[in-house]
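We'll go stop by stop, picking residues and looking at what surrounds them.

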Amino acid sequence: MLGWPYELSSAALAMLPPAQGGLPMVGRLSGRGSTLSQERLLALRPDLILDVGTVNDNYTSAAVQVAAQTGIRYILMAGDLNDSPEQLRAAGEMLDAQPRAELLASYARSILDEAAQARSRFARASSPSVYLARSSDGLETGLAGSIHGQAFSMAGARNVAHTPASSGVGRVSMEQLLAWDPDYVFTQNPAFVQHTRQSPLWMQLRAVKEKRLVLTPMLPFGWVDAPPGINRLLGLHWLIDIFNTGRPSAQTDDFIVDFFRVFYRIDAPAELLASARNAQHSP
């Protein structure tokens, strides 16, 4: 690995092993806001470009163009969370790391199977409704059906932000959100938690009044989004526990410790375990 496609926080870098935590930010190659030029890409001299995410005509065309212009092998792989085991096995084949890939793929499969059981239970009852507040004012959200809220739907919840043009990220009005009145509000933005404590409008929501405003852990990568990669497997288990019991349990502590050792090869910091366990906030 030559570098990171985007800037990681100092807290995230400090948690990673030195071989990864010391890597530079080289820029993003594909999608909106690309920051890595072909000249810089050629100077890095990678043997392989592995792009995991959306696969459609636009991304495929861009990948073919970059490969033709640079002569660098370019693999575009579907990034759906359901496909995590297959992604890991395919990466293991490319990198000649099959035993490690099989370990991670089996682990991923066990989490996905747990999620399927959770969805089955909720199918026989009422699914909890959720809203993901992505901005400091809370009104930017991952729309239903988008990759940004996939962990919620896979855990058996229903994203209330379902609009006629549901796709990707969008903004909603406070009036609409009050009409939806979700069971849970999740956020990855600590500033938004502070915002709700000063907003009479947000305090009208049941989720806020009843202490179901949940600050999602973001270290070393987002647990439910940002980036939408295999890091979400950790958040998936954590969400299932919240929806089943109302809050993370001691068993989830053990799961987090194990996940960090298996996937990140580091020990989960005690303060991170505490933040995951005490993620729910009241006004």
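**Before you click**

This is a predicted model, where local features need pLDDT of at least 70, side-chain atom pairs count only at pLDDT 80 or more, and totals for chains, interfaces and linings use all residues. Residues are numbered from 1 along each chain as its sequence is written, and side-chain values use heavy atoms, with hydrogens and water left out.

Helices (DSSP H or I, at least four residues) and strands (DSSP E, at least two) are numbered from the N terminus.

**Stop 1: the largest nonpolar core**

Select Phe186, Phe243 and Phe260. Among the 51 residues of the largest nonpolar core, these three touch the most other members. A nonpolar core here is a set of buried Ala, Val, Leu, Ile, Met, Phe, Trp, Tyr and Cys residues joined through side-chain atoms within 4.5 Å. Buried means under 20% relative accessible area, exposed means over 50%, and partly exposed is in between (1.4 Å probe, protein chains only).

Now colour the elements that supply at least two residues each to this core: α1 (10–15), α6 (98–123), β3 (129–133), α7 (150–154), β7 (184–187), α11 (232–245), α12 (250–264) and α13 (270–277). Which helix gives the largest share of this core? That is α6, with nine residues. In soluble globular proteins, nonpolar side chains tend to be buried together.

Zoom in on Phe186. Beyond neighbours within four places in sequence, Phe186 is in contact (heavy atoms within 4.5 Å) with residues including Val130, Leu132, Phe152, Trp238, Ile242 and Phe243.

**Stop 2**

At 15% relative accessibility, Val262 counts as buried. Setting aside neighbours up to four places away in sequence, Val262 is in contact with Arg100, Leu103, Leu104 and Tyr107.

**Stop 3: Leu139**

Next, select Leu139, in the loop between β3 and β4 (140–142). Is Leu139 buried or exposed? Its relative accessibility is 15%, so Leu139 counts as buried. Leaving out neighbours within four places in sequence, Leu139 is in contact with Tyr131, Gly170, Arg171, Val172, Ser173, Met174, Leu177 and Trp202. Arg171 sits 32 residues away in sequence, with its C-alpha 5.5 Å from that of Leu139.

**Stop 4: two aspartates**

Go to Asp183, in the loop between α8 (174–180) and β7. The side chains of Asp183 and Arg206 are joined by a polar contact of 3.0 Å. A polar contact is a pair of N or O atoms within 3.5 Å; within protein, one must be able to donate a hydrogen and the other to accept it, and residues adjacent in sequence count only if both atoms are side-chain atoms.

Then jump to Asp225, in the loop between β8 (213–215) and α11. Asp225 counts as buried, at 1% relative accessibility. Show the side chains of its two polar partners: Arg134 makes a polar contact of 3.2 Å with Asp225, and His148 makes one of 3.2 Å as well.

**Stop 5**

Most residues other than glycine have a negative phi, and most peptide bonds are trans. Stay in the loop between β8 and α11, where Pro220 and Pro227 are found. The bond joining Leu219 and Pro220 is cis, with omega about -10°. The peptide bond from Ala226 to Pro227 is also cis, with omega near 0°.

Asp96 has a phi of about 55° and is exposed, with a relative accessible area of 63%. Then select Arg265, in the loop between α12 and α13. Arg265 has a phi near 60° and is exposed, at 56% relative accessible area.

**Last stop: a pocket**

Finish by selecting Gln188, Pro190, Leu215, Thr216, Pro217, Met218, Leu219, Leu272, Ser275, Asn278, Ala279 and His281, which line the second largest pocket. On a 1 Å grid over the protein atoms alone, a pocket is an open set of points where a 1.4 Å probe fits, with protein on both sides within 12 Å along at least five of seven lines; lining residues have an atom within 4 Å of a point. About 180 Å³ of space lies in this second largest pocket, a volume being the space filled by probe spheres set on the grid points, which are joined across faces, edges and corners. How does the lining divide, and how many residues are charged? There are seven nonpolar residues, five polar and no charged. Here Ala, Val, Leu, Ile, Met, Phe, Trp, Tyr, Cys and Pro count as nonpolar, Asp, Glu, Lys and Arg as charged, and the others, Gly among them, as polar.
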